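Work through these exercises with the model open. Each task is followed by a stepwise solution.

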Amino acid sequence: MQVYKGVIERYREYLPVTDKTPIITLLEGNTPLIRFYNIEKMIGENVEVYGKYEGLNPTGSFKDRGMTLAISKALEKGVKATICASTGNTSASAAAYSMRAGLKSYVIIPNGYIALGKLSQALIHGAKVIAVEGNFDVALEMVKKICENYPIELVNSLNFFRIEGQKTGAFEIVDVLGDAPDFHCIPVGNAGNITAYWKGYKEYKEKGKAKKLPKMLGFQAAGAAPIVLGKPIETPETIATAIRIGNPASWKQAVLARDESGGVIDTVTDEEIIQAYKLLAEEEGIFVEPASAASVAGLIKYARKKYFPEDKKIKIVCILTGHGLKDPDRAIKSVEFKPAVVAPDFNEIIKIIKQ
Ligand code: F0G
């Protein structure tokens, strides 16, 4: 049996590393591609739907794929500290990988708008967490300014190595399916991930590993949809705090991925996000954070519009970017039934079971 060594070792020939690069890994990647038999029934008989469960990465989100490379390269370069702006997941990942590499980690987050699980991760790893009174876009501007003035490595997806590492998600999908899917549904926030997947699919096709390319279907939350509206949004709002972004760093690349692939970038409302979030949990047994459910909300919206061809077999992959445990508050707010508190009495409990 071959021992799994993380995304850098698995896809070394496609990544900008040398024998001199110290590899910092938590054995990220290799996440399951899970078939959604119940959701398929809502979409059409000719459709296979898969979810790539990126919440099963070591820090609970897809960020680890890019962070393993960004931190390895930062260490190779000889910096002593990293910094990022984050809606939560990047900071959790940056903190974990930076500590493993012996680097200091600074993270700037929008005050009051990051899910509890994510905040707890950055704190327990020992990052210095600074909460700014402003949104993610403001935090990212601060981080860029700091990096212009201090020798601290920026590990947001503006860092080339982040995108390089994240493209391995596309490689894994093709390796499992034997080819690229027909459609690729993905949430869009700062737009690094859609950029990375498109790059990965294109590279694998050039190398002859895939015969086709998917259409990229990106979904922004309706209250935070600058790409769809064609202009930055000063006060983005959505319950999906991970993608509460008004001026994405990889805006141009996301538009390119959409246009080159013949896909779309569209909105999903918070209501549609929560419906998909609950559907995944209740019908497929998959717990994701709200932002992740945007990909499935988009899939359902487009199926209702009859966007997908009905005259041939097609495969659709949805990226489930982060684990549901990141945001337990949202889960509890989203359900009708709360635990019933009773005395430890057999009859009392049976009464509730029978209700
Ligand atoms: N889903 C989750 C769970 C995320 O955390 C993010 C981004 C996205 C989707 C969107 O990906 O930015 O590459 O378009 N989170 C960043 C962060 C912004 O700081 O953790 P994107």
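A crossover is right-handed if, with the strands pointing away from the viewer, the path from the first strand over the helix to the second runs clockwise. Helices (H or I, at least four residues) and strands (E, at least two) are DSSP runs, numbered from the N terminus. This is a predicted model: local features need pLDDT of at least 70, side-chain atom pairs count only at pLDDT 80 or more, and totals for chains, interfaces and linings use all residues. Residues are numbered from 1 along each chain as its sequence is written, and side-chain values use heavy atoms, without hydrogens and water.

**Exercise 1.** Find what S4, H5 and S5 make.

Solution. 
- Start with the strands: S4 (residues 104–110) and S5 (residues 128–132) run parallel, joined by five bridges. Strands pair if DSSP finds at least two bridges between them.

**Exercise 2.** Classify the pair of Tyr-14 and Tyr-204.

Solution. 
- Apply the rule: rings of Phe, Tyr and Trp (its six-membered ring) pair if their centres lie within 6.5 Å; planes under 30 degrees apart are stacked, over 60 edge-to-face, the rest tilted.
- The structure holds 13 aromatic pairs. Tyr-14 and Tyr-204 are edge-to-face, at 5.4 Å centre to centre and 65 degrees between the planes.
- Locate them: Tyr-14 is in the loop between H1 and S1, Tyr-204 in H9 (residues 192–206), 190 residues apart.
- Check burial (under 20% relative accessible area, 1.4 Å probe, protein chains only; exposed is over 50%, partly exposed in between). Tyr-14 has 10%, so Tyr-14 is buried. Tyr-204 has 2%, so Tyr-204 is buried.
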